[in-house]
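User: Could you take a close look at one residue for me, its setting and its contacts, and then walk outward to the rest of the fold? I would like the cut-offs spelled out along the way.

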Amino acid sequence: MSSQTRTGTRRGRALKVSAVAVLATISLTACSEQSKVGFLPTERGTTDNADQVMDLWIGSWIAALGVGLLVWGLMLWCMVAYRRRKNETGYPRQLAYNAPLEIFYTIVPIAMIVSLFFFSFRAQTAITERFDNPDTKIQVYGKQWAWDFNYLDEDVHYQGVQAHLTGETGVEKTLPTLYLPADSKVELEISSRDVIHSFWVPAFLEKIDMVPGRTNYMSFTTGREGTFAGKCAELCGEYHSEMLFNVSVVSKDEYNAQMKKLRDEGNTGIIGDEYNRNPNLNATSNN
């Protein structure tokens, strides 16, 4: 057997082993529960918006992995096929240009960017679109360093107080809690009473700024029941780390029971902008 035949056999064996290793790694990764959600901090069915974000995220990574495998494969092929052979000297024949290849390298990246933009724009448009007739409308105020919730359809409210993290178990249950009915079209009106905050529920895969003097909206359809941690995601002062809250997605009956509880506690009516603090008031007065 010639040396070239042995080299070719060895090369083919190495490529087969590499291919099997790559396929095995991909297959094992695909079996994990975390990989099915793109290693994101949520589950399918949490909200419809979360599912759309998850699909866009996973699809983008699959496309990126495909491109990566293609590029790595071409690099490996070039290194093997065009390596310097034994007894060869000097450089191989150099090509100044290759018009078809350069056109291909121009068109393909543009097509990829346009495709990614299309899918991103489609998902963003669907996520930011407001409902014409939401089932549940709630006004959310961020304040240093707690939360107020106005349940507009029920004409009741909840005024939160700042959390105090002591490191002891059970503190999470004392946090302000936003109740949402399951399988319901929800619209949140997001505002701030003082400085810029940010409303973020990691499991919802959605975050929105809370700007003084401006109302932003978050529209989504709730899915499975559960309690999800929320927090302010904008550095808003000394106790920013304690500006936490919970979101409890509950059955319709439990939601109605919570509304009745707020009503029985005397939390009727809506607490609006009259509790806002203008951070620029003193500066304006001095001028």
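**Around S191**

Leaving out residues up to four places away in sequence, S191 touches V140, Y141, G142, M210, R214 and T215, where contact means heavy atoms within 4.5 Å. Please keep in mind that this is a predicted model, in which local features need pLDDT of at least 70, side-chain atom pairs count only at pLDDT 80 or more, and totals for chains, interfaces and linings use all residues. Residues are numbered from 1 along each chain as its sequence is written, and side-chain values use heavy atoms, with hydrogens and water left out.

S191 belongs to strand β5 (residues 185-192); helices (H or I, at least four residues) and strands (E, at least two) are DSSP runs, numbered from the N terminus. With a relative accessible area of 6%, S191 is buried. Here buried means under 20% relative accessible area, exposed means over 50%, and partly exposed is in between, using a 1.4 Å probe and protein chains only.

One of the residues that S191 touches, Y141, has R193 over its face, at 3.7 Å from the ring centre. A charge sits over a ring if NZ of Lys or CZ of Arg is within 6 Å of the ring centre and within 35 degrees of the ring normal. Another such arrangement puts the charged end of R130 over the ring of Y217, 3.6 Å from its centre.

The whole structure has 13 aromatic pairs. One of them joins W147 and F199 edge-to-face, at 6.0 Å centre to centre and 80° between the planes. This pair links distant parts of the chain, since W147 is in strand β2 (residues 146-151) and F199 in strand β6 (residues 197-201), 52 residues apart. For reference, rings of Phe, Tyr and Trp (its six-membered ring) pair if their centres lie within 6.5 Å; planes under 30 degrees apart count as stacked, over 60 as edge-to-face and the rest as tilted. W147 and F199 are both buried, and ring pairs link W147 and F199 with F245 into a cluster.

The structure holds zero disulfides, a disulfide being a pair of cysteine sulfur atoms within 2.5 Å. C232 is in none, and its nearest cysteine sulfur, that of C236, is 3.9 Å away.

Y239 lies in the loop between β9 (226-232) and β10 (244-250). Y239 is partly exposed, with a relative accessible area of 34%. Y239 and H164 are 75 residues apart in sequence, yet 9.3 Å apart in space, C-alpha to C-alpha.

Finally, the wider view. The chain has six helices and ten strands, and 32% of its 287 residues count as buried. Among the contacts in the chain with a separation of 6 or more, 69% come from residues 24 or more positions apart.
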